[in-house]
Amino acid sequence: MKKRLLVAGCVMLAAMALGVTAGAADEELVLFTWEGMFPDEVLDGFEEETGIKITYSSFDTDETMLEKLAQAGGGDYDLVIADDYIIEQAVAEGLVQEIDKDTVTNFGNINSLYQGQYYDPDDVYTVPYGAGIPLIVYDPLMVDIEITGYNSLWDESLADSVAITANYRVVNGITLLSMGYSMNEEDTEVIAEAGEKLLELAPNIRLIQDDNTQNALLNGEASVAFLYTSQVTQVLAEDPNLEVVYPEEGLGFGIMAAFIPSEAPHAEAANLFLNYILEPENAAACMNYIGYINTIAAADDLVDENLVAPDDAEGEFILNVSEEADEAYNKNWTEFKAACGQ
C-alpha cells in the first residue's frame, strides 16, 4: 500500500510540474495529420510525462482533412496539423478554436518570421510546425542540360525522366511562374493557358507522387525531380552529389501549422501537447525528423543547419482562390494526369 501511494504521489508531482490536471492525465489526444509527422521519441515522451494517450489518425490531402473535420462539426479530433491555405478555410468556417496561451507558455519560442501570417494574422489559432520551399533536384550524371528553373523541365531531352509531387495547386503554380504569372492567378483564361503548357510537359513526366517522390531519383527511375522540402533533405542526405536548383522564375513557400478544432473533445490535452512540442529539444527532434525548415527560434541551435532559413527567405504562398479559378485549376490537373497516363 505504501509503495502504491508513493508511486501515485510521484505521478501527481510530475503532472503538476507540467501543468497537467488530474483529469487531463486520464485523457486521450486524437492527433490528425499526414503519416510520419512525428518521431516516436516525441510522442512517447509526451505520453510518459503526462499520462495522456495519443491516437494518431492520418489523412492524405488537406482537402480530405477539411471535409472530415466539417462533417464532424469541428469535433472528433483534438489537434490537426495541415497547410496554411486550408487552415484559412477552416478558420473561416468556424472549425478552429483559439489557443490557450496560459497553457501554451512556450509560444514565445516561435520564430517571428512565421507569425502574423495571412491565415492567422493575430496568432490566436495556430502554432507553426515547419516551413517549406519546393525545389528541383537532379542527377548531373544523367542530365545533359543546365537546369536553371521550372522551364528547364520542359526540355525535350528530359523525356520520361521527371518526377513531380502531386499537389494540383503547386504544379499549376510553378507552371504559372514559368510563364511570368502569380501562383495564385485568378484569370481563368490565363489558367487555361497554363493548362495547355502543362499538357506539353506530359511527355517528360515519369512519376506523379506525393509520398517518397525522392526515391525515383535514388533508384534511377528519374533523373530530375520537383520535391517538397522534406524530400529534398532526405535525398541529399542519401546522395550529396545531386544538384539542387532554386528556380530562377521564383519560389513557392508554405507553412504547416497546428490548430485545435472548435469542438475538440480534449482541448486541454491539445494545448499541453502544443506546449510540449514548442520546447527547444522537442521542436528540434521534430524538425530533424521531418526535414522541414525549423519554425521555432529557440531550437535553431539544435537542428541541422540546413533546416534554418535565412532571415530574408521569401517565396509566394499558395492562397485560396475563387471557386471559378479553383475549378479551372482542377480541370488542368485532371487533363494533365490523363495525358501522363496517371
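Is aspartate 160 buried, partly exposed or exposed? At 39% relative accessibility, aspartate 160 counts as partly exposed; buried means under 20% relative accessible area, exposed over 50%, and partly exposed in between, with a 1.4 Å probe and protein chains only.

Two remarks on the source are in order. This is a predicted model, in which local features need pLDDT of at least 70 and side-chain atom pairs count only at pLDDT 80 or more, while totals for chains, interfaces and linings use all residues. Residues are numbered from 1 along each chain as its sequence is written, and side-chain values use heavy atoms, with hydrogens and water left out.

I turn to the charged pairs. Side chains of opposite charge can pair when their charged atoms come close. A salt bridge here is a side-chain nitrogen of Lys or Arg within 4 Å of a carboxyl oxygen of Asp or Glu. The whole structure contains 3 salt bridges by this search.

In one of them, aspartate 160 meets arginine 206, at 2.9 Å from N to O. Aspartate 160 sits in the loop between strand S6 (135-138) and strand S7 (162-164), and arginine 206 in strand S8 (residues 205-208), so this pair ties together parts that are 46 residues apart in sequence. The element names follow DSSP runs, numbered from the N terminus: helices are H or I with at least four residues, strands E with at least two.

Arginine 206 also forms a salt bridge with glutamate 221, at 3.5 Å from N to O. Here again distant parts of the chain are linked: glutamate 221 is in the loop between helix H7 (215-218) and strand S9 (224-227), 15 residues apart from arginine 206 in strand S8. Arginine 206 is partly exposed at 36% relative accessibility, and glutamate 221 is partly exposed with a relative accessible area of 33%.

Another salt bridge joins lysine 331 and glutamate 335, with the closest N and O atoms 2.8 Å apart. Both residues belong to helix H11 (residues 323-340), 4 residues apart, about one turn of the helix. Glutamate 335 is partly exposed, at 35% relative accessible area.

Which residues have the most contacts inside the largest nonpolar core? They are Phe38, Met65, Tyr129 and Phe336, in a core of 118 residues. A nonpolar core is a set of buried Ala, Val, Leu, Ile, Met, Phe, Trp, Tyr and Cys residues joined through side-chain atoms within 4.5 Å. Helix H9 (residues 267-277) gives the largest share of this core, 8 residues. Leaving aside residues up to four places away in sequence, phenylalanine 336 touches, among others, Ile164, Val171, Leu198 and Leu201; contact means heavy atoms within 4.5 Å.

Those four names return in the lining of the second largest cavity, together with Leu153, Trp154, Ile174 and Thr175. About 40 Å³ of space lies in this cavity. A cavity is a set of points on a 1 Å grid over the protein atoms alone where a 1.4 Å probe fits but cannot get out; a pocket is an open set with protein on both sides within 12 Å along at least five of seven lines, and lining residues have an atom within 4 Å of a point. The lining of the second largest cavity takes its largest share, 3 residues, from H5.

Helix H5 (168-178) deserves a word of its own. Of its 11 residues, 11 are buried, including Arg169 and Asn172. Its buried residues are covered by H3, S7, H6, S9, strand S12 (316-317) and H11, among what is included.

The largest cavity holds about 60 Å³ of space. Its lining includes Tyr129, Cys286 and Thr295, and divides into 9 nonpolar, 1 polar and no charged residues.

Finally, the largest pocket has a volume of about 1200 Å³; a volume is the space filled by probe spheres set on the points, which are joined across faces, edges and corners. Of its 47 lining residues, Trp34, Asp210, Tyr228, Ser230 and Tyr292 are the closest to its centre. Helix H8 (229-238) gives the most to this lining, with 6 residues.

How values were computed. Nonpolar A, V, L, I, M, F, W, Y, C, P; charged D, E, K, R; others polar.
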